[in-house]
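Please look over this model with the notes below in hand.

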Amino acid sequence: MAGKIVLLFRAPKEHGEDLFEVALQAEGYITHNVPVLEFQFMNLDRLAACLQCWESYQAVVFTSQRAVEATVKAQSLAKCLNTGEAMNTNLQCFVVGESTSKAACEAGFKPQGAGSGNAENLADYITKSLLKPGKPLLYPCGNLRRDTLSCKLKVAGFSLEEIEVYKTVKSSHIKEEIEAVLHKVVIAIGPTTERELVSQGIEVMATAPLPSPEGLLAAIDQHS
């Protein structure tokens, strides 16, 4: 059993302990992460134009690390265009999540609200912090965002300028990445992943009954 390879079909965890990897490695398995999604940036020219008139905004809001990455790219684009002043990173900045907060810090912002936990709580945090509506809030976001944040802020009287700056799509390299590690069969974490693998022409040996470390181990043990 020891030394067998297990592919985990999701992006590797960037911060903190990965419970799936810990559980599998404790049983002697070698783990490899294979991302099933990839991100494509978009509308960076539009965002760059907004960043050049940053004084028109009351604050900037980030709900994902990718949105921060897009903003950094847009800032670079704005500097290349040299058509206006670069964004002042002293602009009030609100985020949700520690990874997003870290990315915002690295980009030069002073983020607030990282511990809110979710978009709904972040909206409450923003309304309490800003006290009353003023200039619009700049909200770079992804195509799969939920409308919880924008709805709550709009109900409270705040105006948001939402710009889709990245989209989430299926990875175009799944099969190649799998074949680089092994050539036969794999175990899927859940039926959704199984369907996607089959659609990619990849044989699935077993599917975990539950999307948990214990469920994955059970599927592996049953078919090893």
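1. Terms and ground rules. Helices (H or I, at least four residues) and strands (E, at least two) are DSSP runs, numbered from the N terminus. The model is predicted, so local features need pLDDT of at least 70 and side-chain atom pairs count only at pLDDT 80 or more, while totals for chains, interfaces and linings use all residues. Residues are numbered from 1 along each chain as its sequence is written, and side-chain values use heavy atoms, with hydrogens and water left out.

2. Salt bridge count. A salt bridge here is a side-chain nitrogen of Lys or Arg within 4 Å of a carboxyl oxygen of Asp or Glu. That rule gives six salt bridges. Some of them are taken up in the next points.

3. A pair inside one helix. Arg 66 and Glu 69 form a salt bridge, with N to O at 3.3 Å. Both sit in helix H3 (residues 65–81). They are three residues apart, so about one helical turn separates them. For exposure, buried means under 20% relative accessible area, exposed means over 50%, and partly exposed lies in between (1.4 Å probe, protein chains only). Arg 66 is partly exposed at 23%. Glu 69 is partly exposed too, at 25%.

4. A pair between two helices. Lys 152 makes a salt bridge with Glu 120, and their closest N and O atoms are 4.0 Å apart. Lys 152 belongs to helix H6 (residues 148–155) and Glu 120 to helix H5 (residues 119–130), so the pair ties together parts 32 residues apart in sequence. Lys 152 is partly exposed, with a relative accessible area of 30%. Glu 120 is also partly exposed, at 42%.

5. A pair between loop and strand. Arg 145 meets Glu 164 in a salt bridge, N to O 3.0 Å. The two are 19 residues apart and link distant parts of the chain. Arg 145 lies in the loop between strand E7 (137–142) and H6, and Glu 164 in strand E8 (residues 160–170). Arg 145 is partly exposed at 30%. Glu 164 is partly exposed at 27%.

6. A backbone point. Asn 43 has a phi near 55 degrees, a positive value in a residue other than glycine. Asn 43 is in the loop between strand E3 (37–41) and helix H2 (44–51). Its relative accessible area is 32%, which counts as partly exposed.

7. A helix crossing. Helix H1 (residues 19–26) and helix H9 (residues 213–222) have axes that come within 9 Å and cross at roughly 40 degrees. Axes are lines fitted to C-alpha atoms, for helices over the stretch in contact, and angles run from 0 to 180 degrees between N-to-C directions. The H1 and H9 crossing is right-handed, meaning that the near helix is turned clockwise from the far one by less than a right angle.

8. From H1 come Leu 19, Phe 20, Ala 23 and Leu 24; from H9, Pro 213, Leu 216, Leu 217 and Ile 220. The contact residues of H1 with H9 comprise eight nonpolar, no polar and no charged. Ala, Val, Leu, Ile, Met, Phe, Trp, Tyr, Cys and Pro count as nonpolar, Asp, Glu, Lys and Arg as charged, and the others, Gly among them, as polar.

9. A threonine. Is Thr 100 buried or exposed? Thr 100 is buried, at 5% relative accessibility. Thr 100 lies in helix H4 (residues 98–106). Neighbours within four places in sequence aside, Thr 100 is in contact with Phe 62, Thr 63, Ser 64, Gln 65, Val 68 and Val 95.

Note on methods. Contact means heavy atoms within 4.5 Å.
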